Amino acid sequence: TIVQHIEASLVDYTRAIKLRPDVATYYAARSYLQPDTAAKLADITHALDLNPESAEYYAFRGDYHVDLGNHEAAIADYSQALALQPRNVTYREQQTKQYQQMGEYKKALYGMFYLVAFGSPRLKAHYLYRSATLLSEAAHQEQALAVLATAHTEYIEGIKNIRTKLIREIALLFVQLGDPAAALACYDAHV
């Protein structure tokens, strides 16, 4: 069964670690197989001690913190992963979800902007819908409706100039939130 294979793999990685305790990959792989999150965190943290330049290990640890509901620690790990791999869309999406969970809409919207601008074109409408949800949660209904309409247009018609419209909407939101520097960053990133 699958459970037996997982248990056997756990034993194999434990043996490998006893033979070569200096190999971060063994700890990272074993962390994925561990039955409880505390053991997962211990193994991936040890892997990071051995290889602090692994964005993937930080992202794994962020995932484990999400499992525990520790959003702040998850954000810290996803931020570290992004420092090592700034264009990784998966890490950005995970970080953005945690900001949303914590009610930090401005930071979540910045993440959504990044995903719309640099993420997969086929997921653009999805990111726009999520942006509209964030705007609505942040009590910006008018802008949420505008972004939702843009998302709908993108989804139905596949308009190629969607970035310009969205960047304008997000920049306006940053101005309303009192952060003109973030609004300028929106335009600078697009140009």
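Tyrosine 13, at 29% relative accessibility, counts as partly exposed, since buried denotes under 20% relative accessible area, exposed over 50%, and partly exposed the range in between (1.4 Å probe, protein chains only). The model is predicted, so that local features need pLDDT of at least 70 and side-chain atom pairs count only at pLDDT 80 or more, whereas totals for chains, interfaces and linings use all residues. Residues are numbered from 1 along each chain as its sequence is written, and side-chain values use heavy atoms, with hydrogens and water left out.

The structure holds 3 aromatic pairs, a pair being rings of Phe, Tyr and Trp (its six-membered ring) with centres within 6.5 Å, counted as stacked when the planes are under 30 degrees apart, edge-to-face when over 60, and tilted for the rest. One of them is the tilted pair of tyrosine 13 and tyrosine 26, at 6.4 Å centre to centre and 55 degrees between the planes. Because tyrosine 13 lies in helix H1 (residues 2-19) and tyrosine 26 in helix H2, this pair ties together parts that are 13 residues apart in sequence; helices here are DSSP runs (H or I, at least four residues), numbered from the N terminus. Tyrosine 26 is likewise partly exposed, with a relative accessible area of 27%. Tyrosine 114 and phenylalanine 118 form another tilted pair, with 4.7 Å between centres and 50 degrees between planes, and both residues belong to helix H7 (residues 105-118). The face of tyrosine 114 also carries arginine 92, at 4.2 Å from the ring centre, where a charge sits over a ring if NZ of Lys or CZ of Arg is within 6 Å of the ring centre and within 35 degrees of the ring normal.

Lysine 40, which lies over the face of tyrosine 32 at 5.9 Å from the ring centre, is among the buried residues of H3, as are Leu41 and Ile44. The buried residues of H3 pack against helix H2 (24-33) and helix H4 (55-67), contact being defined by heavy atoms within 4.5 Å.

A total of 6 salt bridges is found, each requiring a side-chain nitrogen of Lys or Arg within 4 Å of a carboxyl oxygen of Asp or Glu. In one of these, arginine 61 is joined to aspartate 77, the closest N and O atoms being 2.8 Å apart. This pair links distant parts of the chain, with arginine 61 in helix H4 and aspartate 77 in helix H5 (residues 71-84), and both residues are buried.

Terms used: Helices (H or I, at least four residues) and strands (E, at least two) are DSSP runs, numbered from the N terminus.
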